[in-house]
Amino acid sequence: MTVDTIMKKPSGELKKPELLAPAGDLARARTAILYGADAVYLGGMNFSLRSRASNFTMTDIKAACDFAHAHHARVHVTVNVIPHAEDFIGLKEYVQALEDAGVDAAIVASPAIMKLIKENTSHIEVHGSTQMSITNVRAAKFLHETLGIDRVVLGRECTMAEVQAITKECPVETEAFIHGGMCVNYSGRCTLSNRMTLRDANRGGCAQSCRWQYRLFAGDTQINDENSWFTMGSRDLMAGRWIKDLMAAGVSSLKIEGRMKTEYYVANVVSGYRRLIDDLYEHDGSISDESLEKHIAQIMRGENREVCDGFYGGIAAKDSIIYHENSNNHVNHDFLGTIMRYDRDSHTAWMQVRNAFDNGEKAEVLSPGREIRDITLSSVQNDQEEYLETVRKPMSIIHFVTKEELAAGDIIRKAADDDTD
């Protein structure tokens with residue numbers, strides 16, 4: 001995709017970037033697109049750095065491409081493994097199969113794989129992965145001039161000033177992360193997992209050792225007790241307050257991390273950023289602080305980890321790292337369920353339950369392409385037609401009465417005022 005295909009207003013005004021969302025499986029790919037993603041990125045069964053994600057068979061990749069293209073969206077596939085010799089076995093046939101399936105772009109971290117894709121496909125774009133730690137325009141120019149890459153995914157370690165400078169002079173599109181997990185090291189250049197678990201972080205097996213809980217020693221003396229474990233993982237990135245700057249800089253794609261995250265996370269975060277980007281674009285960046293904070297509050301409804309601005313404001317300070325022990329205190333229990341079907345005549349909705357709620361509880365409906373609506377979960381019954389005062393059984397099917405017309409796939413979450421978890 002060339003820069004000219006990105007939706008633009010007249011010169012000097014904000015450019016509307018692609019919103020790129022993660023897809024851990026086919027259901028999440030569809031959810032991301034329906035809730036406003038312009039493109040999704042996913043991994044196949046091989047050559048990807050998320051081997052523990054559900055990942056896609058070639059049949060699923062084809063189905064994702066068909067669905068995306070029918071909704072005017074794109075599919076990017078990660079081929080971002082750091083390859084050893086044996087990893088090239090079958091790679092040529094794999095990338096040709098990706099092209100036959102309709103894949104639009106490959107996200108790649110190895111120059112050798114970039115060259116292979118360019119030589120063996122005719123229309124798959126090559127995007128330089130964040131694993132390459134592209135943090136200067138010289139690297140971007142070199143990759144474009146020598147290997148013909150079509151886009152550079154900037155390192156998460158770039159400051160906003162660096163993003164602006166690179167994008168201004170870059171001969172191809174730039175892509176920047178706006179939300180999700182951050183690596184405690186330079187992205188993809190950590191070997192803690194390799195050393196501690198023999199799982200190669202750069203071949204799809206990262207055990208996220210930085211998020212483990214550790215004892216700390218000064219010499220032979222332990223200096224933290226059993227109630228004060230140490231962890232050194234980074235807080236998640238949440239760049240909602242930097243979206244205007246990224247758009248003004250001319251960044252072509254804004255990327256959400258999280259192929260291991262849930263459908264609920266995808267729907268909330270994608271729809272939140274969709275609304276924020278559209279609002280900024282429509283008003284050429286001039287939205288009130290109140291509107292901005294409202295958008296950010298919606299984005300955060302899908303999050304269950306502490307967040308930070310990453311490196312956009314400068315070198316990440318110590319408060320961007322999680323030093324304390326992990327707990328379940330911040331586990332997100334907002335997701336109440338997914339609507340299975342709705343009967344207009346009886347005003348009855350059937351829902352698959354995800355988290356506990358009470359009969360009569362206020363809730364919100366999150367639907368693709370619609371404003372968030374308030375409802376009350378009343379006259380709740382189980383499949384034996386028994387009325388329930390409380391619902392405590394995840395994955396069970398219940399039904400309730402509401403005159404708010406719902407649709408299969410709608411997400412029901414706690415009302416903001418009732419969010420006490």
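How are helix 3 and helix 4 oriented to each other? The legends below begin with that pair. The structure is a predicted model, in which local features need pLDDT of at least 70 and side-chain atom pairs count only at pLDDT 80 or more, while totals for chains, interfaces and linings use all residues. Residues are numbered from 1 along each chain as its sequence is written, and side-chain values use heavy atoms, with hydrogens and water left out.

**View 1. Packing of helix 3 against helix 4.** Helix 3 (residues 91-101) packs on helix 4 (residues 111-120) at an angle of about 55 degrees, and their axes lie 10 Å apart. Helices (H or I, at least four residues) and strands (E, at least two) are DSSP runs numbered from the N terminus. Axes are lines fitted to C-alpha atoms, for helices over the stretch in contact, and angles run from 0 to 180 degrees between N-to-C directions. The two helices are therefore oblique to each other; angles under 35 degrees count as roughly parallel, over 145 as roughly antiparallel, 65 to 115 as roughly perpendicular and the rest as oblique. Leu91, Lys92, Val95, Gln96 and Glu99 of helix 3 make the contact with Ile113, Leu116, Ile117 and Asn120 of helix 4, where contact means heavy atoms within 4.5 Å.

**View 2. Packing of helix 1 against helix 2.** The angle between helix 1 (residues 26-34) and helix 2 (residues 58-70) is about 15 degrees, with the axes 10 Å apart. Helix 1 and helix 2 are therefore roughly parallel to each other. From helix 1, Leu26, Arg30, Ile33 and Leu34 meet Asp60, Ala63, Ala64, Phe67 and Ala68 of helix 2.

**View 3. Surroundings of Gly155.** Gly155 belongs to the loop between strand 6 (151-153) and helix 6 (160-169). Gly155 is buried, its relative accessible area being 5% (buried means under 20%, exposed over 50%, partly exposed in between, with a 1.4 Å probe and protein chains only). Apart from neighbours within four places in sequence, Gly155 contacts Thr130, Ile134 and Thr135. A distance of 7.6 Å separates the C-alpha atoms of Gly155 and Ala176, which are 21 residues apart along the chain.

**View 4. Strand 19 and its pairing with strands 14 and 17.** Strand 14 (residues 348-353) pairs with strand 19 (residues 397-401) in the antiparallel sense over five bridges; strands pair if DSSP finds at least two bridges between them. Within this pairing, Ala349 has Phe400 of strand 19 as its bridge partner. Strand 17 (residues 373-381) also runs antiparallel to strand 19, joined by two bridges. Ser378 stands opposite Val401 of strand 19.
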